[in-house]
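Reader: I have a model open in my viewer and would like to learn how to read it feature by feature. Could we go through it together?

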Amino acid sequence: MDASFTGLSYKYPKLFALGAALIVAMILWAIDHNERELAIQKQKVEVIEKLVVLRAKLGTGMTSNISAARVLAVNFATKPDLSEHEFNVLAAEVANANPSIRNLVLVKGTVASYVYPYKGNEKILGADYRKLPKQWPVYQKMMDERAIQIAGPLTLVQGGTGLVVRIPVYQHENHEAFLGSIAMVVNYEPLLEQSDLKELQKEINLAIRGRDAKGSKGEVFLGDDQLFTMGAVTQSVVLPGGSWELAALPYGGWQGSTRLSRFIEIFGFILCLMAWLLSYQSLLRRRQRELNERELKQSEALLRLRNEALSATSQGVLIASGDGHINYVNLAACQLSGYDQDSLQQKNLADLFEPAVASLFADENAGRKQMVLEYSRTTEEGRQLWLELLLTPVYEPDEKNLQIQHVQQYVALLRDITDKKLADQELQIAAMAFETEEGILITDANLVILRVNHAFTRITGYESDEAVGQSTRMLQSGRHDELFYKQMWDEIRLNNRWHGELWNRRKNGEIYSERLVISAVLGRDGKVSNYVGSFNDITEHKVSEERIHQLAFYDPLTGLPNRRLLLDRLARALSLSRRHQRYGAILMIDLDNFKTLNDTQGHYMGDQLLAQIGKRIHACVRSDDTVSRTGGDEFVVLLEGLHEELQHAADLAENVAEKIRKTLSETFNLGHIDYDSSGSMGITMFGVEAIGIDELLRRADMAMYQAKASGKNNVRFFDPSMQAALEFRTAMETDLRQALAYGQFILHYQLQVSALGDPIGAEVLLRWRHPVRGLVSPLDFIPLAEETGMILPIGLWVLETACKQIATWKDDPVKSGMQLAVNVSARQFRHPGFVDDVKRILQETGANPILLKLELTESVVLEDVAIVIEKMQAIKILGVGFSMDDFGTGYSSLSYLQRLPLTQLKIDRSFVHNLPDDVNNANIVRTIISLGASLDLNVIAEGVETEQQRDFLLQSGCQAYQGYLFCKPVPIEEFDILIASRHEQKKADSPSVENQVS
């Protein structure tokens with residue numbers, strides 16, 4: 001027998017005994033399994049015989065019904081014009097002869113023409129199978145295969161369920177001419193009853209499922225559908241166009257248990273148990289014998305191994321008897337003690353290690369304790385050797401009194417501790433060096449503090465026990481960002497060293513500055529094992545530096561940067577502007593009449609005013625901008641990185657200057673007096689053009705003096721064109737505030753037409769008819785109106801005028817149904833009272849709200865969507881519609897678009913301009929039209945100027961248009977004439993009544 005097998009059997013006797021029992025069990029199981037299979041096979045034969053009889057009965061029943069229906073099919077084939085009366089007579093005979101037939105249908109072509117009986121089947125008449133998606137594939141298959149098709153059971157058009165038999169009918173003389181079909185509905189319940197199915201179900205568990213005329217599996221219409229997956233026997237009943245599948249299983253499943261199988265099971269269990277017990281007892285006895293032999297060999301080997309191990313160890317081992325006489329030494333003991341083996345074995349422990357060990361043996365009680373002794377000796381080479389002796393007594397109990405123990409022998413261990421002694425001396429020296437005036441901390445590789453010196457405690461306030469075990473992050477001040485620490489540790493990883501200055505935090509929360517040196521300590525594997533940091537507190541030094549820096553670069557009165565720091569920042573700003581192509585500005589500010597205050601109230605009052613002015617100017621600019629006092633009553637503001645476009649940057653600079661001018665014009669409280677001051681400002685821009693610092697300051701100074709010359713308390717640009725633009729904007733703002741009061745605004749109307757060209761409405765467009773400038777473009781005054789807030793009263797005037805026009809047209813038969821679209825600005829729509837304004841204007845003007853449409857841009861509806869939807873819903877309740885203007889040019893979200901109560905999408909003119917040649921625009925337009933259709937939104941296109949554009953939009957499904965092709969924006973008088981002429985033209989083009997009759 002294989003040794004490995006034998007070893008495993010001894011190790012796991014129960015497992016191998018179980019294996020023997022399993023072998024016996026498997027033999028008995030095979031005999032039992034064969035007996036069960038024979039019993040189950042016999043049951044299956046009996047069930048199959050019953051299914052064969054049932055299959056024959058079902059097939060015979062269906063064949064009888066089909067044969068009866070063929071009579072109608074033959075009559076229809078020989079007489080295609082078979083009347084309904086003749087059909088009913090024949091159908092009655094067939095139905096009476098076959099009780100399972102529910103109804104008969106004559107189908108001409110694909111339309112059900114006659115049905116018998118009529119009552120209860122009225123829904124069948126006129127049914128077209130091409131329009132019945134579930135039945136048409138079966139009907140089409142019957143036509144293609146020219147064969148009878150049976151489907152079902154299925155849900156019928158007239159209600160209920162049944163089997164549908166379809167017999168194709170072709171003309172008797174011409175077999176290629178398809179006339180229609182005879183459809184017969186068979187009640188499958190009587191059919192199943194005729195087959196004695198209920199009697200059979202008492203004996204076996206039965207299920208039937210159908211395969212329809214398309215060949216796919218049908219649903220189980222009788223019994224439990226799980227029978228088809230439970231090992232049941234099956235039979236198929238082949239039907240025209242499909243089949244039925246029968247599955248049967250005895251109640252309780254297949255029973256394979258017999259008397260013989262039960263006897264085998266009981267006898268087998270007893271036999272297996274006996275085999276397991278006998279095998280287990282035999283293996284246990286054999287394993288015990290082997291274990292005894294193995295333990296004896298192991299004991300002998302262990303004794304030899306102990307002797308070899310004691311000889312090979314680096315520690316000296318001496319074993320002595322109870323009186324101290326040495327009887328065993330190893331080689332290391334000879335080397336450490338300086339004696340050979342024979343000399344040591346002739347000595348006593350008391351002689352060898354006196355006087356300490358000698359006193360141990362002299363005191364009987366002391367001999368019961370373990371002793372540790374350090375001593376030194378000088379080697380033959382003159383080197384001092386330090387040894388550690390560990391003397392341990394080994395006891396044995398007294399034979400008469402087990403509670404009394406006597407020392408049997410002593411085991412002495414000698415260990416060389418010379419290196420440890422030298423290391424302790426070095427540590428003492430290092431500890432003295434560690435305590436210096438510099439703070440020192442030592443961490444592990446994870447920056448956990450291991451040790452600190454007294455200087456660390458003096459500087460940080462943390463005692464040693466508070467710092468050790470903590471991360472160095474406890475000292476961080478928060479003044480340095482992550483980038484600073486990343487760069488510091490990158491350098492440490494590269495050079496194993498870093499030195500620099502940083503801010504840390506003491507225990508009391510005080511921030512201090514230190515000069516720090518970090519050194520990495522590498523292990524033998526080249527990896528960092530520790531970090532050593534040494535630092536000095538340089539806070540007072542940094543405070544002194546800041547004082548010097550403050551005096552050198554800041555104005556002592558206002559605390560603002562002085563001219564020296566301004567020039568430094570201006571040089572940097574010029575470089576950045578040229579690099580990033582962004583414009584900046586310099587504002588030169590000089591106080592008006594400041595000398596008068598100094599002369600009348602004294603310099604102290606003047607200094608108070610300068611300090612307050614510095615604070616006010618600083619509050620008007622961004623945190624990155626520079627406000628400086630260059631001397632006397634002169635201030636300079638440096639605005640960096642305003643914008644990439646010069647005009648936009650100039651507008652921003654002008655806004656800041658105007659803000660400063662207004663705040664300087666407010667009253668200053670100077671103690672016992674209130675003082676009204678003002679300032680004159682000059683602005684010069686800088687950016688991509690290479691201009692020197694002196695030249696820029698000179699230009700700003702010149703512009704400032706121009707402001708003073710124009711009457712003080714003014715703002716002037718150095719660039720004449722910008723100055724002209726500023727003057728134009730100021731004048732435009734003044735005129736705009738008067739335009740509404742003087743009635744200078746008018747509305748123009750641009751026609752909107754349907755796909756047939758009929759007028760459906762118009763968009764009202766605001767125009768400004770200035771008495772001097774003429775007709776001002778909306779691009780010039782609408783943004784200014786938005787910025788100044790004038791858009792609110794102007795927008796209300798536009799809305800009110802449009803509603804009045806709707807009310808004026810209500811009695812006009814031509815224009816009474818036309819809708820007016822009014823643009824609503826973002827600021828106007830977000831005004832809290834906008835909804836109330838719309839309600840009021842509709843009530844006051846009497847305008848029909850259905851004819852009013854408000855046009856909103858994407859930027860309006862997609863900001864604060866919830867509030868926007870709430871407002872739109874409130875207005876929509878009034879009957880007013882909404883159109884999204886310029887759709888597609890923004891960033892609309894479909895989720896928002898679904899929520900917005902819109903009625904129309906307006907395609908922006910930028911997408912219409914190049915139609916139909918621009919493929920991209922064409923795809924965008926089609927997508928917008930499809931999107932509008934899917935969301936049930938009307939779509940209108942603006943900017944239609946050519947017939948080709950209109951034709952493309954019409955073909956794409958767009959139903960409304962606006963553009964120069966139909967009408968330019970015109971005043972109301974011209975618009976009325978245009979509508980009237982189009983109406984007359986349409987009447988002239990329409991044919992007269994007489995022509996229609998003829």
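**Helices, pockets and backbone**

Author: Gladly, and let us begin with a helix pair: α19 (residues 603–619) and α20 (residues 646–665) pack at an angle of about 145 degrees, with their axes 9 Å apart. Please keep in mind that this is a predicted model.

Reader: Which hand does the crossing of α19 and α20 have, left or right?

Author: The crossing of these two helices is right-handed. On the α19 side, the contact is made by Ile613, Arg616, Ile617 and Ala619. Lys659, Ile660, Thr663 and Leu664 are the α20 residues that take part. Sorted by class, the contact residues are 5 nonpolar, 1 polar and 2 charged.

Reader: How many helices and strands are there in the chain?

Author: The chain has 34 helices and 36 strands. Of its 998 residues, 42% count as buried. For contacts between residues at least 6 apart in sequence, 58% join residues at least 24 apart.

Reader: Which elements each supply at least two residues of the lining of the largest pocket?

Author: Strands β28 (759–770), β31 (852–857) and β32 (881–887) do, together with helices α23 (778–788), α24 (791–809) and α25 (826–830). By class, the lining of the largest pocket divides into 16 nonpolar, 10 polar and 9 charged residues.

Reader: How much space lies in the second largest pocket?

Author: The second largest pocket has about 510 Å³. It is lined by 25 residues, and those nearest its centre are Leu447, Thr472, Gln476, Met488 and Trp489. Two or more lining residues come from each of β15 (439–444), α15 (482–495), β17 (497–505), β18 (511–522) and β19 (528–537). Helix α15 gives the most, with 5 residues. The lining of the second largest pocket comprises 13 nonpolar, 8 polar and 4 charged residues.

Reader: Let me turn to the backbone. Where is there a cis peptide bond with omega of about -10 degrees?

Author: That bond joins Tyr116 and Pro117. Pro117 sits in the loop between β2 (111–116) and α4 (136–145). Another cis peptide bond joins Leu915 and Pro916, with omega of about 0 degrees. Pro916 belongs to the loop between α30 (909–912) and α31 (919–934).

Reader: Why does Asn496 count as partly exposed?

Author: The class follows from relative accessibility, with buried meaning under 20% and exposed over 50%. Asn496 counts as partly exposed because its relative accessibility is 28%.

Reader: And does Asp936 count as buried or exposed?

Author: Asp936 has 72% relative accessibility, so it counts as exposed.

Technical notes
Residues are numbered from 1 along each chain as its sequence is written. This is a predicted model: local features need pLDDT of at least 70, side-chain atom pairs count only at pLDDT 80 or more; totals for chains, interfaces and linings use all residues. Side-chain values use heavy atoms; hydrogens and water are left out. Helices (H or I, at least four residues) and strands (E, at least two) are DSSP runs, numbered from the N terminus. Ala, Val, Leu, Ile, Met, Phe, Trp, Tyr, Cys and Pro count as nonpolar, Asp, Glu, Lys and Arg as charged, and the others, Gly among them, as polar. On a 1 Å grid over the protein atoms alone, a cavity is a set of points where a 1.4 Å probe fits but cannot get out, and a pocket is an open set with protein on both sides within 12 Å along at least five of seven lines; lining residues have an atom within 4 Å of a point. Grid points are joined across faces, edges and corners, and a volume is the space filled by probe spheres set on the points. Axes are lines fitted to C-alpha atoms, for helices over the stretch in contact, and angles run from 0 to 180 degrees between N-to-C directions. A crossing is left-handed if the near helix is turned anticlockwise from the far one by less than a right angle, and right-handed if clockwise. Contact means heavy atoms within 4.5 Å. Buried means under 20% relative accessible area, exposed over 50%, partly exposed in between (1.4 Å probe, protein chains only).
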